[in-house]
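Hi everyone, thanks for coming. I'd like to walk you through a structure that may be new to you, so let's bring it up on the screen.

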Amino acid sequence: MTTDSGAHAVVCSRLAHAFGDTKAVDGLDLTVREGEVFGLLGPNGAGKTTAIRCITTLLRVPSGMVRVFGHDAAGDRMAVRRLLGYVPQQLSADSGLTGRENVSLFARVFDVPRRERAERVAQALGAVGLTDAADRLAGTYSGGMVRRLELAQALVSAPRLLILDEPTIGLDPIARTGVWEHITAVREATGMTVLVTTHSMDEADRYCDRVGLMHRGRIRALGAPVELREGLGERRRAEGAPATDPLPSLEDVFRDVAGSGLDEQAGDFRDVRSTRRTARRVG
Ligand SMILES: Nc1ncnc2c1ncn2[C@@H]1O[C@H](COP(=O)(O)OP(=O)(O)OP(=O)(O)O)[C@@H](O)[C@H]1O
Ligand SMILES: [Mg+2]
């Protein structure tokens, strides 16, 4: 391992993971730099959650390599787990425990020293604005509160790498901004690295230093959001678009990259319509 790769929070090299015949992750090369907020974007089924579960060691790495701060996810799972906090895509808080009990559980599991535990739990709850609701059952929380509770669970161990799979799904615009503000504040205070998936192109554009667009198990475009947008704008101009056209959005870039899948659907749609027309003519 070179010193350089040690400075990376995550390195995936030729990572592959299949479920039966489905190649969910198919030769993924990905580098997340220490201290950045990296957004993994891509259509449903692109393989984002599968890749993340390999990085968190929850899924084994059958082929290729994953390193987290230089530790091998296949060979040194405990070392990797100690470095990260993880908010899964599915809601995971225990509704039968209070907010404080949920976070305390994570503090115990992640070896936060007993003497520091109560204070660290209170701090994590405070960081996500749940101090007042801390002693209510999580089952009485709204969706946005549950998501913030899960963020507190992931933050209580002061991870060097925070991994969030769709942290703002189902949240109202104010709650979304709240979650991002909490993430940004903790990151500024601690220098933690953040790896996040999201379907919100606006959030990725606003909060991610770099994004990788994943499609069919691999990264198909990579860069700072503005670089990707400018790159598409240049290409369109080269193809004859007027120079006065506005800068493409990250959603335009997304459509461009995931286009092959979308085109197939559009093709099916056209086929259906032409079949209908034919049927009408015949009738
Ligand atoms: N446990 C599993 N068993 C079988 N197939 C799976 C399993 N988990 C994922 N897959 C398949 O692997 C592919 C990638 O799924 P994955 O959940 O990684 O995608 P994703 O990019 O996270 O999608 P989404 O945006 O919908 O969350 C899909 O075709 C999915 O059906
Ligand atoms: Mg997913």
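Let me begin with glutamine 89, which has a relative accessibility of 30% and therefore counts as partly exposed. One thing to keep in mind as we go: what you see here is a predicted model.

Now, what coordinates the magnesium ion, ligand 2? Two side-chain atoms do: OG1 of Thr49 and OE1 of Gln89, at 2.0 to 2.2 Å. Threonine 49 sits in helix α2, residues 48-55, while glutamine 89 belongs to the loop between β6 (84-87) and α4 (99-109), so this pair ties together parts of the chain that are 40 residues apart in sequence. And is threonine 49 buried, exposed or partly exposed? Its relative accessible area is 25%, so threonine 49 is partly exposed.

Next, please look at two helices, α4 and α6, the latter covering residues 143-155. Their axes come within 8 Å and cross at roughly 30°. Angles under 35 degrees count as roughly parallel, and therefore that is how we describe α4 and α6. The crossing is right-handed.

Which residues meet there? On the α4 side we have Gly99, Asn102, Val103 and Phe106, and on the α6 side they meet Leu149, Ala152 and Gln153. Sorted by class, this contact of α4 with α6 has 4 nonpolar residues and 3 polar ones, with no charged residues.

Let's move to histidine 8, in strand β1, which spans residues 8-19. Is histidine 8 buried or exposed? With a relative accessibility of 18%, histidine 8 counts as buried, because the cut-off for buried is under 20%. Leaving aside residues up to four places away in sequence, histidine 8 touches Thr31, Val32, Arg33 and Glu34, and also Phe69 and Gly70.

My last stop is threonine 57, in the loop between α2 and β4, where β4 is residues 63-68. Threonine 57 is buried, at a relative accessible area of 2%. What does threonine 57 touch, again not counting residues up to four places away in sequence? The contacts are Ala73, Arg77, Val80 and Arg81. Also have a look at methionine 78: along the chain, threonine 57 and methionine 78 are 21 residues apart, and their C-alpha atoms are separated by 8.7 Å.

That's the tour, and I'm happy to go back to any of these spots with you.

Terms used: Residues numbered from 1 in each chain as written. Chains lettered and ligands numbered in written order. Predicted model: local features only at pLDDT ≥ 70, side-chain atom pairs only at ≥ 80, totals over all residues. Heavy atoms only, no water. Donors = N, O, S within 2.8 Å, 3.2 Å for Na, K, Ca; no water. Helix = DSSP H or I, 4+ residues; strand = E, 2+ residues; numbered from the N terminus. Buried < 20%, exposed > 50% of the residue type's maximum accessible area, 1.4 Å probe, protein only. Axes fitted to C-alpha atoms, helices over the stretch in contact; angles between N-to-C directions. Parallel < 35°, antiparallel > 145°, perpendicular 65-115°, else oblique. Left-handed = near helix turned anticlockwise from the far one by under 90°. Contact = heavy atoms within 4.5 Å. Nonpolar A, V, L, I, M, F, W, Y, C, P; charged D, E, K, R; others polar.
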